[in-house]
Amino acid sequence: AQVALEFHQMRTHMPDLCSTRIGNKLIYAINGAKYLFQSKWPPLHTHVSLKVDGVDIVIPEGLQGIIVLNLSSYAGGTDLWGPDTEGNDGLLEVVGITGCLHMGRIQVNLSNAERLAQGSDLHFSFASGMAMQVDGEPWMQTHPCELRFTLFNHARMLMGSTYTSASRDWSAPSDSYHEHYFLL
């Protein structure tokens, strides 16, 4: 979330510098490289507590990011939870990552995110401020806070058609969720 926040701030203050897709990726990579081997934030396990469906969840040492998913994919199709979950199971998945290198290894299928919990009611408590991101929108949370996530509702979403010219038959779209994720 810190890398996303820094990129967002740079894009806001210097829009001409962030005008191409390749340029944006390069700037994002340079910002991310600063955090490959060190984090300027205190360890998450000392500042974040999590309850899932009323049960305390231990945040392992070494995690630098926590991601909440309501779909089985993240960041353009990366499967963070693993193949044994469905996108419409009515549960939120919580996974942890150890940093930028770990996320990169996950995206090329060389590693897996650390599964933390799965449930329908998530309650986070933050003892200090930190960078956060919801649905791609980063911000700096400057004060301690509490966040609660629950699945409220779901709706049919339009998806690409399965039209075939041979049969000239359109099939109805299946149930799907809009992707929401939360990074710390």
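Accessible areas come from the Shrake-Rupley method with a 1.4 Å probe. The model shown in these views is predicted.

**Figure 1. The whole protein chain of the predicted model.** The accessible surface of the chain comes to about 11100 Å². Carbon and sulfur atoms hold 55% of that surface. The chain has 184 residues, and 36% of them count as buried. It contains 4 helices and 10 strands. Read along the sequence, these elements follow the pattern α-α-α-β-β-β-β-α-β-β-β-β-β-β. Among contacts with a separation of 6 or more, 63% are between residues 24 or more positions apart.

**Figure 2. The packing of helices α1 and α2.** Two packed helices are described by the angle between their axes and the distance between the axes. Helix α1 covers residues 2–13, and helix α2 covers residues 21–33. The crossing of α1 and α2 is right-handed. On the α1 side, the contact is made by Val3, Ala4, Glu6, Phe7 and Met10. On the α2 side, Asn24, Ile27, Tyr28, Asn31 and Gly32 take part.

**Figure 3. The open sheet of 4 strands.** The strands stand in the order β2-β1-β6-β9, and their pairing is antiparallel. Strands β2 (55–57) and β9 (145–150) are at the edges. Each of these two has a single partner strand, so one side of each is left without a neighbour in the sheet. On average, neighbouring strands of this sheet are turned by 20° against each other, direction ignored.

**Figure 4. The hairpin of β1 and β2.** Strand β1 (residues 48–52) is joined to β2 by 3 bridges, and the two strands run antiparallel. Leu50 has Ile57 in β2 as its bridge partner. Lys51 is bridged to Asp56 in β2. The hairpin has 2 residues between its strands. In the turn, Asp53 has a positive phi of about 50°.

**Figure 5. Strand β1 beside β6, and the two faces of β1.** Strand β6 (residues 121–126) pairs with β1 over 5 bridges in the antiparallel sense. In this pair, Val52 stands opposite Leu122 in β6. The covered face of β1 consists of Val48, Leu50 and Val52. Ser49 and Lys51 make up the uncovered face. Leu50, on the covered face, is also the bridge partner of Ile57 in β2. Lys51, on the uncovered face, is the bridge partner of Asp56.

How values were computed:
Residues numbered from 1 in each chain as written. Predicted model: local features only at pLDDT ≥ 70, side-chain atom pairs only at ≥ 80, totals over all residues. Heavy atoms only, no water. Pairing = 2+ DSSP bridges. Axes fitted to C-alpha atoms, helices over the stretch in contact; angles between N-to-C directions. Buried < 20%, exposed > 50% of the residue type's maximum accessible area, 1.4 Å probe, protein only. Contact = heavy atoms within 4.5 Å. Left-handed = near helix turned anticlockwise from the far one by under 90°.
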